[in-house]
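The structure comes before the details.

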Amino acid sequence: MAPPPWHLRGRAWMAVYARPQPGALLLVRYSHSPVGPYDEVMWVALGAPSPAGPRPQVTRIAVSTPQSVAWGRANWGIPKTLARFEWLGTPERGQVRIQEEGRPLAHLAFQGFGPALPVSTAPVPAPWRTLAQPRLDGRAGWWLTRVGLTGRVQPARLSVVDAGALHPGLDRVRPLVAVAVPSGHLHFPVPTPA
């Protein structure tokens, strides 16, 4: 069993987009979690409608282990699916090809560069870092989860070679900003109902 709260460690890359809709593409490699190491790729819609008002919402996510799928869905209503991740290159610069049920889901290239500076989400207004997810446990309602992150952040490139099955159109637009988190600690608390 792996109920919340979860404390995770790993590295990540994030690109924020204004088009085709406001959102963020995240690629994460967790080295430590309550269900062991795993990888994930996701699209987070920014300002999605919810009973608590506009909030970030994970609308598409694939992970590399069945345990992460099961507990992410049960604990926070995150609609995780199972995928296979094939990494090429080094932890600082490389590519990843992601397949879901034998079909291509995404092909991304990543690179961090420059100095890494300390970062914390503590000063970020709570609504901007509170996920609002419809419950997936058979009950009506929503889960609100105020996520916390500390670590180091640096400029990065997270290039979309192909991600039409993850979120269409990302290969035709440029992100507003892209960052890497070469080392980070993520906190997923017990959610509150909405």
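Leu 144 stands opposite Thr 192 in strand E14. The model is predicted: local features need pLDDT of at least 70, side-chain atom pairs count only at pLDDT 80 or more, and totals for chains, interfaces and linings use all residues. Residues are numbered from 1 along each chain as its sequence is written, and side-chain values use heavy atoms, with hydrogens and water left out.

**Strand pairing**

- Strands are DSSP runs (E, at least two residues), numbered from the N terminus, and two of them pair if DSSP finds at least two bridges between them.
- Strand E11 covers residues 142-146 and pairs with E14 in the antiparallel sense over 2 bridges.
- E10 and E11 also pair in the antiparallel sense, over 5 bridges; in this pairing Thr 130 stands opposite Arg 146 in E11.
- Together these strands make an open sheet of 3 strands in the order E10-E11-E14, with antiparallel pairing.
- The edge strands are E10 (130-134) and E14 (192-193), each of which pairs on one side only.

**Aromatic pairs**

- A pair of aromatic rings is described by the distance of the centres and the angle of the planes.
- Rings of Phe, Tyr and Trp (its six-membered ring) pair if their centres lie within 6.5 Å; planes under 30 degrees apart count as stacked, over 60 as edge-to-face and the rest as tilted.
- By this rule the count comes to 8 aromatic pairs.
- One of them is tilted: the rings of Trp 13 and Phe 110 have centres 4.4 Å apart and planes at 40°.
- Trp 13 lies in strand E1 (residues 6-17) and Phe 110 in strand E8 (residues 103-112), so the pair ties together parts that are 97 residues apart in sequence.
- Buried means under 20% relative accessible area, exposed over 50%, and partly exposed in between (1.4 Å probe, protein chains only).
- Trp 13 is buried at a relative accessible area of 2%, and Phe 110 is buried at 4%.
- Tyr 17 and Trp 43 form a tilted pair, 6.0 Å centre to centre with 50° between the planes.
- This pair links distant parts of the chain, with Tyr 17 in strand E1 and Trp 43 in strand E3 (residues 38-48), 26 residues apart.
- Tyr 17 is buried with a relative accessible area of 2%, and Trp 43 is buried at 0%.

**Aromatic cluster**

- Trp 13 and Phe 110 belong to one aromatic cluster with Phe 85 and Trp 87.

Note on methods:
Helix = DSSP H or I, 4+ residues; strand = E, 2+ residues; numbered from the N terminus.
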